[in-house]
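Here is a short briefing to read alongside the model in your viewer.

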Amino acid sequence: MRLAIDVMGGDQGPHAIIAGSAKAVVEHPGLEVILFGPRQQILAEISRLPQPLAAAASRLAARDASASIMPATTAAWALRRGHATSMTQMLRSVAEGEALAGVSAGNTAALVALSRRELGMIEGISRPAISTAIPARQGRRCYLLDLGANVDSPAHRLVDFALMGAAMAQCIDGTALPRVALLNVGAEATKGNASVREADRLLRQYASGQYASNSAFDYQGYAEGGDLFKGQLDVVVCDGFVGNAVLKASEGLTSMLVERVQMAFESRLSGRLASLLARPVLRRLKQELDPVRYNGASLLGLRGIVVKSHGSTHADGFYYAIQRALQEVEHNLPARIAGRWQAPSSDGDGARQP
């Protein structure tokens, strides 16, 4: 199995991305990685890998790409002038079948636009959606989408997100009938903007079987922000502006709570003694809630597999983004989304029709 990696997108520089890639290669004997970026810099970083990561060197291939997409680069610039960048070359490797998936920690807008051009969209889907899993109660997780690819989404696109999110939960988690909800400011039918209310109407029709003989999900109606973490939903749908804000706030809150718990134990002598006894529990809590373990967001709707890593991630976080890509390759996610796609077409007013 071969993956393509853009080493130039992360805030931590190539070192973190190459170290995370090496960790994944060490743990997966059949994995090879193509690293796109300045060749000499990549080779220098590989030569500095510590043991046992140095054992991965023979399966890390450096592919020269001297140009890169900057954080402030617009999607329009990337499409017009980004042909020689590490991000574009990584995506082209996936499009041409050289690699089975691509991973980048780079500019989100550029990655979405270039992925759409280089890989193309599954028939019936107009734009990609970014999705990731959020930890919930009882060891469950909930897929949230969109996370920023579509800042302002009309109703029919929210329906697309629901279908893609349901396919993700079915393929990756084996959930037979995913429970899907629309994120809103309240559960009442009158709440929300016009797009959300129209999407609710369309999703109720779809879930009832009006658009298909067998519904792909169990539509639960509106959900509020706190419902994400209760373990009672598998997919929550919203536009990219709301989704990105919810995700970043959740990650910040989780990190703060873990730190506060540790500080509370360590603030007094009795607390420090209790901390020694509770250390295994605290370690497990931190591992379960650590946002690093959930790094890696899927670009759904593409003909190929692309995973977006946090730009600020370190080696461990990038390793988890690669794990997400490997999962999607294992389940052949784009093909399974395409095979289950029964989205009704849009009429002139934007409403979905069978």
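The second largest pocket has a volume of about 320 Å³. Of the 13 residues that line this pocket, Arg141, Tyr320, Gln323, Arg324 and Gln327 are the closest to its centre. This is a predicted model, in which local features need pLDDT of at least 70 and side-chain atom pairs count only at pLDDT 80 or more, while totals for chains, interfaces and linings use all residues. Residues are numbered from 1 along each chain as its sequence is written, and side-chain values use heavy atoms, with hydrogens and water left out.

**The second largest pocket**

- Rolling a probe the size of a water molecule over the atoms shows where empty space is left.
- On a 1 Å grid over the protein atoms alone, a pocket is an open set of points where a 1.4 Å probe fits, with protein on both sides within 12 Å along at least five of seven lines; a cavity is a set of points where the probe fits but cannot get out, and lining residues have an atom within 4 Å of a point.
- Grid points are joined across faces, edges and corners, and the volume is the space filled by probe spheres set on the points.
- Helix 10 (residues 315–331) supplies the largest share of the lining of the second largest pocket, six residues.
- By residue type, the lining of the second largest pocket divides into five nonpolar, four polar and four charged (Ala, Val, Leu, Ile, Met, Phe, Trp, Tyr, Cys and Pro count as nonpolar, Asp, Glu, Lys and Arg as charged, and the others, Gly among them, as polar).

**The chain as a whole**

- The protein chain has 11 helices and 13 strands; helices (H or I, at least four residues) and strands (E, at least two) are DSSP runs, numbered from the N terminus.
- Of the 354 residues of the protein chain, 51% count as buried (buried means under 20% relative accessible area, exposed over 50%, and partly exposed in between, with a 1.4 Å probe and protein chains only).
- The accessible surface of the protein chain comes to about 15900 Å², and 51% of that belongs to carbon and sulfur atoms; the areas come from the Shrake-Rupley method with a 1.4 Å probe, and for residues only the protein chains shown count as cover.
- Among contacts (heavy atoms within 4.5 Å) between residues at least 6 apart in sequence, 72% join residues at least 24 apart.

**Confidence**

- The average pLDDT of the protein chain is 86, and 86% of the residues score at least 70; pLDDT is the predictor's confidence in each residue, from 0 to 100.
- Over residues 342–354 pLDDT stays under 50, and the model has 28 contacts beyond four places in sequence for them.

**Backbone details to look at**

- The peptide bond from Gln51 to Pro52 is cis, with omega near 0°, and Pro52 is found in the loop between helix 2 (39–47) and strand 3.
- Leu145 and Asp146 are also joined by a cis peptide bond, with omega about 10°; Asp146 is in the loop between strand 6 (141–145) and helix 6 (155–173).
- Gln138 is not a glycine, yet has a positive phi of about 60°. Gln138 sits in the loop between strand 5 (129–135) and strand 6 and counts as exposed because its relative accessibility is 74%.
- Asn332 has a positive phi near 50° in a residue other than glycine. Asn332 is found in the loop between helix 10 and helix 11 (333–340), and is partly exposed, with a relative accessible area of 45%.

- Ala65, in the loop between strand 3 (60–64) and helix 3 (75–81), is buried because its relative accessible area is 2%. Not counting residues up to four places away in sequence, Ala65 touches Phe36, Gly37, Pro38, Ala84, Thr85, Ser86 and Gln89. The C-alpha atoms of Ala65 and Leu35 are separated by 9.4 Å, at 30 residues apart along the chain.
- Leu119 lies in helix 5 (residues 108–119) and is buried, with a relative accessible area of 10%. Leaving aside neighbours within four places in sequence, Leu119 is in contact with Leu91, Val94, Ala95, Leu302, Arg303, Gly304 and Val306. Leu119 and Val306 are 187 residues apart along the chain, and their C-alpha atoms are separated by 9.4 Å.
- Leu53 is found in the loop between helix 2 and strand 3 and counts as buried at 17% relative accessibility. Not counting residues up to four places away in sequence, Leu53 touches Ala19, Ala22, Lys23 and Val26.
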